[in-house]
Amino acid sequence: MAKLLLLHAPHVVRPRFSCTRSLVSASALYRRPLIVNPQFSHIGPRLRSPPYNRRFSARAFDDSAVSSVEMEKEKQEQRRDEDYPTGEMDYESRNAWESFVVKLRMLFAYPWQRVRKGSVLTMTLRGQISDQLKSRFSSGLSLPQLSENFLKAAYDPRIAGIYLQIEPLSCGWGKVEEIRRHILDFKKSGKFIVGYINICGLKEYYLGCACSELYAPPSAYSFLYGLTVQASFLGGVFEKVGIEPQVQRIGKYKSAGDQLSRKSISEENYEMLSVLLDNIYANWLDGVSDSTGKKREDVESFINQGVYEIEKLKEEGLIKDIRYDDEVISMLKERLGVEKDKKLPTVNYKKYSGVKKWTLGLSGGGDQIAIIRAGGSISRVKGPLSTPGSSIIAEQLIEKIRSVRESKKYKAAIIRIDSPGGDALASDLMWREIKLLAETKPVIASMSDVAASGGYYMAMAANTIVAENLTLTGSIGVVTARFTLAKLYEKIGFNKETISRGKYAELLGAEERSLKPEEAELFGKSAQHAYQLFRDKAALSRSMPVDKMEKVAQGRVWTGKDAYSRGLVDALGGMSRAIAIAKQKANIPLNKKVNLVELSRPSTSLPDVLSGIGSSVIGVDRTLKGLLDELTITEGVQARMDGIMFQQLGQDSFANPIISLLKDYLSSLR
């Protein structure tokens, strides 16, 4: 570590907006010289618009009695929520004419889009699930395509049901909520959806229990033990190696400064992480209780027993039965009247993703709504290691936003955000373009797993913001940090002399000494200025007094549910609700079909395909070279929620902390 710091430590960490997290990014240590941490449309079925069913009270978990003031506040929130349609699907059977048209279209479909009648759609959920569309050359799962497959299967007369195999997931809880909603919507069609689970973690079971039936093999692992989040601190490490971090934190919840200078967690950071954890855990308990028909306290009691035998889940009615995969297949064959010696007719996720909605009568209508997807870390221009869909390139996204603004064919636009932030300048430029777009037509921001710091910066320019209950958002705060390496240099026998012109020239370069009083004063003022700009723009965008915004800013990360109760978002729900609200704002009847135009479709050009292959197969050398380049030349203010808190809250983490540090470092460079 000492050698790496010597070669690449950029001495000062430049101003950076950042969403606080549990373990400081290695990039903050090694490459940032002052951290200023300042679907699809349910276009076939009818959309309902009763009040959206939210699980939690408006307040953060509080054991005190609910006062009349709090009750009135919740009533006001419910009335505010009723202003927006829910986007909830009501399955409607087709009439004879509609069925005839669909059968005719299926008859003339391309061979690769044809599906045998009575087929079972098989899909395997595992690992990361991207919020971007994927091309046929791409591996992995795409949430938009998963969502579309659930909808198509509900209305496809050739599909008898779904067999959903659920493997360990590493996506966030926002995507898990969206997938669960599609499972519940699919069940309204009356078709079966059978779940199968080998490793039973909290996310996997949360999805599995929503299925009509859930099975597991006798050797399945059960990890229904609860949730954890970890906070790591580098103060002691720096002390031992001779690094002195000089930290000024603007916003009491901005824990990144604590992670650089402290050896233990602060009260504010503990409070914030505890509330986030409470939200996730309570949401899980309520969801499982609803799906299993068990009392919430009984579900919690079961978790606290530390059950690891899969047989206990069956005894408690938490799974349907214990069976191997081949036994479940045999059961489905018997249910569908398939002979034992015949193969169960199936169609997999990849092939079924190629079936067009038009074939099933699920697209059409003259009105168009633009969908602009923005996922990943934010940068202003495309870098040498950028791959399509892996990050938000401001100059590319701005082109899409302008094309929508200048076109008269789009009635509304939806900005789908799944980003922890990144370059603050890029975030502000996109904010400006989204704001200009919102002045010409309705713009709805739909948040996925995370839309924090720079991601929230983008969203607050929209007319309406929609978040999942467990989206991580907010993070309006600033921390500045500068590293003094004098003791480290002395230990390793290194010397550095700086010659400068200008009173403050050495503020960003002389890491071999501590700041002078006048330098420290400027250092603090620059951080305060960056925070005020971020906070005041958030207040302006949300039509909120600055003093009220100050109470919800201060670097605090909120779940979507808590952000809603505090006015940072307007409604709770997924992509389907965002589309329903876009229709409402554009004066399009909710039951009218619209065309959703994806402006962020994956490229199928040969250079991009080869680029993707190269980055995964032979890109190691290029990646290492790129990391070294990033360490030495990255500049500019950042508006980023670095990855580690998001990852650890987004998944059950048993990872080695050193591995987590490396993962966080790599994720911050994406």
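1. Helix α6 passes helix α10 in a left-handed crossing. This is a predicted model. The two axes come within 12 Å and cross at roughly 15 degrees. Angles under 35 degrees count as roughly parallel, so α6 and α10 are roughly parallel to each other. The helices span residues 173-187 (α6) and 267-292 (α10).

2. Which residues make the contact between α6 and α10? From α6 come Trp-173, Glu-177 and Arg-180. From α10 come Ile-280, Asn-283, Trp-284, Gly-287 and Ser-291.

3. Now the sheet. Six strands form an open, parallel sheet, in the order β14-β11-β9-β8-β5-β15. The edges are β14 (321-322) and β15 (346-348). Each has a single partner strand, so one side of each is left without a neighbour in the sheet.

4. Within that order, take β8 and β9. Strand β8 covers residues 159-169 and β9 covers residues 192-197. They pair in the parallel sense over 6 bridges.

5. Helix α13 (residues 325-336) packs on it and touches β5, β8, β9 and β11 (213-216). Its direction makes about 170 degrees with that of β9. Helix α5 (residues 143-155) lies across β5 (119-127), β8 and β9. Relative to β5, α5 runs at about 160 degrees.

6. The unreviewed UniProt entry carries an "active site" annotation covering Lys-254 and Ser-453. These positions are spread over 200 residues of sequence, yet they cluster in space, with a largest C-alpha distance of 11.6 Å.

7. Where do the annotated residues sit? Lys-254 lies in the loop between β13 (244-250) and α9 (255-261). Ser-453 is in the loop between β21 (443-452) and α17 (454-459). Are they buried or exposed? Buried means under 20% relative accessible area. Lys-254 has 0%, so Lys-254 is buried. Ser-453 is also at 0% relative accessibility and therefore counts as buried.

8. Asn-304 is exposed, with a relative accessible area of 59%. The cut-off for exposed is over 50%. Asn-304 is placed in the loop between α11 (296-303) and α12 (310-315). Its C-alpha atom is separated by 8.8 Å from that of Leu-224, a residue 80 positions apart from Asn-304 along the chain.

Methods:
Residues numbered from 1 in each chain as written. Predicted model: local features only at pLDDT ≥ 70, side-chain atom pairs only at ≥ 80, totals over all residues. Heavy atoms only, no water. Helix = DSSP H or I, 4+ residues; strand = E, 2+ residues; numbered from the N terminus. Buried < 20%, exposed > 50% of the residue type's maximum accessible area, 1.4 Å probe, protein only. UniProt positions renumbered as here; feature names shortened; annotations may be inferred. Pairing = 2+ DSSP bridges. Contact = heavy atoms within 4.5 Å. Axes fitted to C-alpha atoms, helices over the stretch in contact; angles between N-to-C directions. Parallel < 35°, antiparallel > 145°, perpendicular 65-115°, else oblique. Left-handed = near helix turned anticlockwise from the far one by under 90°.
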